[in-house]
Amino acid sequence: MTSETGTMLREFLRAPVRTGAVAPSSRRLAEAVTAPVPELGDPVVVELGPGTGAFTSTIEEQLGGRGHQLAVETNPRLADDLSWRFQRVDVLNADASKLPQLLAERGHDKADVVVSGLPWASFSPEVQHDILSAVSRVLAPDGAFTTFGYVHAMRLSSALRFREMLRMSFEEVVEGRTVWGNLPPAFVYHGRRPRTGTPPGRSARRVDPHLEGFTLSGQTSVSGQTSERA
């Protein structure tokens with residue numbers, strides 16, 4: 001067992017809902033989730049729920065010292081460990097729903113990429129709504145939001161609800177193929193063109209009953225009229 005795996009397991013046992021995973025994400029999943037990080041320029045890249053830093057490390061490699069990398073972690077023990085391991089990353093022990101304020105305090109009003117490792121299926125409707133609304137408010141018009149879900153949880157009502165909230169938050173949501181080399185297997189959501197009008201309201205908690213029959217297969221677009229996965 002690696003030190004990161006041991007740390008994640010201990011935090012999961014302490015607070016399973018808040019941690020959401022028993023093992024760090026794999027390199028394959030990290031590469032899929034962080035694919036939108038620009039290769040050029042000085043982008044502002046935000047990571048929500050970095051955990052033990054599986055995505056943090058990949059983002060840092062891709063940036064190579066460019067731009068501003070911000071990691072928002074609600075678990076104080078994990079945040080302290082990340083601050084020690086990643087000296088060039090701006091690590092904050094804070095609530096992801098406070099993202100607009102956190103960026104403003106650092107002189108940024110927009111983020112080019114927001115990467116999330118948060119356990120969405122474990123969150124209440126209110127928490128899902130508040131964090132997605134925060135992401136929509138700070139993401140640049142041409143920015144990208146990426147997150148993932150676990151295959152074993154894809155039929156949970158909370159996972160279906162989250163997928164519907166994504167559709168309401170972004171004009172385009174594309175789902176990548178399953179990353180079987182992760183424990184547990186996972187799939188990635190890519191959201192683009194945040195809806196700049198009214199953010200998704202609390203009514204988004206009610207999932208369209210037609211979504212209950214969806215299954216997972218291949219690559220899917222849920223940008224308005226077509227959708228195949230939760």
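This is a predicted model: local features need pLDDT of at least 70, side-chain atom pairs count only at pLDDT 80 or more; totals for chains, interfaces and linings use all residues.
1. Overall make-up. The protein chain contains eight helices and eight strands. Of its 230 residues, 51% are buried. Among contacts with a separation of 6 or more, 70% are between residues 24 or more positions apart. The accessible surface is about 10,700 Å², and carbon and sulfur atoms account for 51% of that area.

2. Main core. The largest nonpolar core holds 32 residues, and Val 46, Leu 48, Leu 99, Val 114 and Phe 145 have the most contacts inside it. Helix 7 (residues 125–138) supplies the largest share of this core, with five residues. A second, separate core has 15 residues, including Val 33, Tyr 150, Val 179 and Val 188.

3. Surroundings of Leu 48. Neighbours within four places in sequence aside, Leu 48 is in contact with a run from Val 114 to Leu 118, namely Val 114, Val 115, Ser 116, Gly 117 and Leu 118.

4. Thr 34. This residue sits in the loop between helix 3 (27–33) and strand 1 (44–48). Thr 34 counts as buried because its relative accessibility is 0%, the cut-off being under 20%. The side chains of Thr 34 and Gln 62 are joined by a polar contact of 3.3 Å. Beyond its neighbours within four places in sequence, Thr 34 is in contact with Phe 55, Thr 58, Ile 59 and Gln 62.

5. Salt bridges within helices. The count of salt bridges is ten. One of them pairs the side chains of Asp 81 and Arg 85 at 3.5 Å, N to O. These two are four residues apart in helix 5 (residues 76–85), so about one helical turn separates them. Asp 81 is partly exposed at 29% relative accessible area, and Arg 85 is partly exposed at 30%. Glu 164 and Arg 167 form another, at 2.6 Å, N to O. They are three residues apart in helix 8 (residues 157–169), again about one helical turn. Here Glu 164 is buried at 9% relative accessibility, whereas Arg 167 is partly exposed at 25%.

6. A bridge between strands. The side chains of Glu 172 and Arg 193 meet in a salt bridge of 3.9 Å, N to O. Glu 172 lies in strand 6 (residues 170–175) and Arg 193 in strand 7 (residues 186–194), so the pair ties together parts 21 residues apart in sequence. Glu 172 is partly exposed at 23% relative accessibility, and Arg 193 is partly exposed at 39%.

7. Network. Salt bridges link Arg 27, Glu 31 and Glu 61 in a network.

Methods: Residues are numbered from 1 along each chain as its sequence is written. Side-chain values use heavy atoms; hydrogens and water are left out. A nonpolar core is a set of buried Ala, Val, Leu, Ile, Met, Phe, Trp, Tyr and Cys residues joined through side-chain atoms within 4.5 Å. Buried means under 20% relative accessible area, exposed over 50%, partly exposed in between (1.4 Å probe, protein chains only). Contact means heavy atoms within 4.5 Å. A polar contact is a pair of N or O atoms within 3.5 Å; within protein, one must be able to donate a hydrogen and the other to accept it, and residues adjacent in sequence count only if both atoms are side-chain atoms. Accessible areas come from the Shrake-Rupley method with a 1.4 Å probe; for residues, only the protein chains shown count as cover. A salt bridge is a side-chain nitrogen of Lys or Arg within 4 Å of a carboxyl oxygen of Asp or Glu.
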